[in-house]
Amino acid sequence: MDWLASSVGVWVLGLISLAIPIAIHLYSRSKHQKMTFSTLAFFPDKPPQNHKQIKLTQKRLLLTRLLLLVSIILLLLGLFNSENQPDAKRILIVTDDWLAFASDEQRSALLNELKNDSAHSISLSSGNELSVEQIKEKTLQVTTYSNTWYRVSDWLLNNPYQANEIVVYSTNGMSQFIGEKFILPSKVEWQIIERTESNDSSLYLSLLLIEPNSNTQAAIAEAKKTILRAVNVLNQLPNINIEVYQHTIETVKQSNLKQVSATIMLSSALSVNKNELSTLPTTEKLLFVNELEKIDSPLLPIELIKVLFSRHAEKAFWQRARISQEAITSTASGNNLVINQQIENTGFATEEKPLPINNWLALICVLLFILERIFSEYTNRITSEEMRHKHA
Amino acid sequence: MSELLDNATIAQIKDLEIRTRILAQGAIVGQHPSNIRGVGIEFNQYRVYEPGDDPGKIDWKLFSRNDRYFVREAEKESALNVWGMLDCSESMHEQSRDGHWDKLAFAKNLLAALAYLSHQQGDAIGMLALNSDVLQYLPVRHGQRHYHQYLLQLEKLTAVNTFPKWETFPQYVHSVRQNSLVILVSDFYESEQELLSLAQNLSNFHCEVLAIQLETNDEVTFDFSGEIQFTERESGRKQTVSAHAIQEEYLLNRALFNENLTNQLAKLGIKHVKVNIDQPIVHALQVVASTLSNMGAR
């Protein structure tokens, strides 16, 4: 809660305001009742001071008022803090791919956009604000894999900005859109750089899944299902054909399978006999399922890509692979559309965003206000009854 | 009828009338038989003689004219003078807890009720209302007209300042003679024993005196709380006290005051009655009537 410490002035004002109800209560305590009486002849000449009377009256009311003030102060400090946040109306989210492939003119156009004070450019990979230098600098054109839909969605769910407009700067490189597609929580404008190189050749890849000999555990079955789903997503990308072979150690020996792009053992490394591994078909990559378990399922297709496309020629394929702009921006794209509300069901490691503290404070304020009104009304009623009885 | 006595109050005090009649005619009047002989007989009507009537009451002159026996009936007037003496000092503005009335209003109603009873019984009624500013005096008289004047004057009374010193009004008190019943209504808050001086002089006139001390619940219980600045009604003196803290001492001082007052009045042969104005006035009337009965029975 750095913001609490950062606004010392508001704190001081808040503490001063706390003194106000205390002063009012002290004043009302010292303000004795006035009463006419028939005779004072029976009063003692030196009446004793009753110390019990010195204690504050209406303590409940005072306490409620103090708590109410504290809540309001904290609430205002929270609002003050949120007001200090970048109050951007237009957030420009830039992918690394865009920074690598954008032309000078496109960079200038982005910089022009940023001249407006309400516009901010954010790096999608780091989540930090981009400096002018970072935008101007051309980065190395290295193939990176990303699910831009997922990253943008994730950023939007956790973004601290009060953004009215969101623009995503990306390329139409297929490597930037590997994985399931998400419906974004708010409307997004896409600025896509059309990379002109095209790739007409298709890639044929093979993935071997080795299942354990014993009864398949539920966790293994779930992992297998997730992998197959990721493969399915990849197969929907243009010009990519991945064939999946499912065997046990015994059955793979009997098969004619000679070579595969990658092999995934659906068991842990400890439970596999090394001698058995030698009987497997030739494979460029071999990995165990427990290595994939740590990966969030939306990012699993990307990991599979890294596993399957290790060869140089296939990397070159990715550099030329494109996805249509319509496929990027359309909201309905068939089977691979994922709605945010289903994130939990798909096993994504997404954290539920906690209710902001300001909301809690506002709720407490309302409750305290109601309580204060009740106590105040009760105190007034008691006082007026006393006054009526004592005909002060 | 005066506003001081509504029909409901009159209905309630009808029962009292019988008891007070006994008091007036039997008890107090009976103490002074020699003084009432031949007094208060005023012609009312003739009635045909019936067996059992006193032959001495037969009007022989009328018999000579009509040749029939007629008995002369008279309206009896009591020889009792009932004086209402009312303390009209500022302290009589002390109100009942519900704010319904103050001591003065209560005293007015009480005296009006007693005047009504007295009037119904044929007693003469008179009034002396006192404060240091104004002295309202109404001599004792019989008759309906005087009774109405009594009520009218009672209604006009206001309470201001303090009770006057004895030296300022002895001539009015001297008109109180024997065969008088003086009902003195006050809170008996005095600075220089003015009320006791009055009581002492009344007792010297050999008349019956009933001292009615009016109190309020607030005065009796003093159940206040918190810091209160009290202002004395008559003097304007202010004192700020923690009410709860002084309650015990206040109640003790008050008890001593009442005891002392009762003793002093008893020495003068004056009966002392305390009446709480927070209680119904009929209750007060019953207490007063009961006390008067006891006084007459002595």
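The model is predicted.

Three strands make up an open sheet with mixed pairing. Their order is E1(A)-E8(B)-E9(B). From one strand to the next, the twist averages 30°.

E1(A) runs parallel to strand E8 of chain B, residues 227-232. Five bridges join E1(A) to E8(B). Within this pairing, Lys34(A) has Gln229(B) as its bridge partner. Helix H9 of chain B, residues 243-267, packs on the sheet. H9(B) touches E8 and E9 of chain B, and its direction makes about 100° with that of E9(B).

**The contact between chains**

Chain B brings 30 residues to the contact and chain A brings 21 residues. On the side of chain B that touches chain A, E8, E9 and H9 of chain B each supply at least two residues. H9(B) gives the most to that side, with eight residues. By class, that side of chain B holds nine nonpolar, 11 polar and 10 charged residues.

**A helix pair in chain B**

Helix H4 (residues 103-120) and helix H5 (residues 144-156) of chain B pack with their axes 10 Å apart. The angle between H4(B) and H5(B) is about 175°. Angles over 145 degrees count as roughly antiparallel, and that is why H4(B) is described as roughly antiparallel to H5(B).

From H4(B), the residues in the contact are Lys108(B), Leu111(B), Ala112(B), Ala115(B) and His119(B). They meet Tyr147(B), Tyr150(B), Leu151(B), Leu154(B) and Glu155(B) in H5(B). The contact of H4(B) with H5(B) has seven nonpolar, one polar and two charged residues. An α-helix has 3.6 residues a turn, so residues three or four places apart point the same way.

**A covered helix and its surroundings in chain A**

Helix H12 of chain A, residues 300-308, is mostly covered, with seven of its nine residues buried. The buried residues are Leu300(A), Pro301(A), Ile302(A), Leu304(A), Ile305(A), Val307(A) and Leu308(A). They pack against several elements of chain A, among them helix H8 (218-235), strand E8 (240-248) and helix H11 (289-292). Strands E7 (203-211), E9 (259-265) and E10 (282-288) of chain A are also packed against by the buried residues of H12(A).

E9(A) is mostly covered too: six of its seven residues are buried. E9(A) runs parallel to E7(A) and also parallel to E10(A). Thr263(A) in E9(A) takes part in both pairings: Thr263(A) is the bridge partner of Leu208(A), and Thr263(A) stands opposite Leu286(A) in E10(A).

| Strand pair | Bridges | Paired residues |
|---|---|---|
| E1(A) and E8(B) | five bridges | Lys34(A) and Gln229(B) |
| E7(A) and E9(A) | four bridges | Leu208(A) and Thr263(A) |

Note on methods. Residues are numbered from 1 along each chain as its sequence is written. Chains are lettered from A and ligands numbered from 1 in the order in which they are written. This is a predicted model: local features need pLDDT of at least 70, side-chain atom pairs count only at pLDDT 80 or more; totals for chains, interfaces and linings use all residues. Two strands pair if DSSP finds at least two bridges between them. Axes are lines fitted to C-alpha atoms, for helices over the stretch in contact, and angles run from 0 to 180 degrees between N-to-C directions. Two residues are in contact if their C-beta atoms, placed from the backbone, lie within 7 Å. Ala, Val, Leu, Ile, Met, Phe, Trp, Tyr, Cys and Pro count as nonpolar, Asp, Glu, Lys and Arg as charged, and the others, Gly among them, as polar. Angles under 35 degrees count as roughly parallel, over 145 as roughly antiparallel, 65 to 115 as roughly perpendicular and the rest as oblique. A residue is buried if 20 or more other C-beta atoms lie within 10 Å of its own, exposed if 12 or fewer, and partly exposed in between; C-beta atoms are placed from the backbone.
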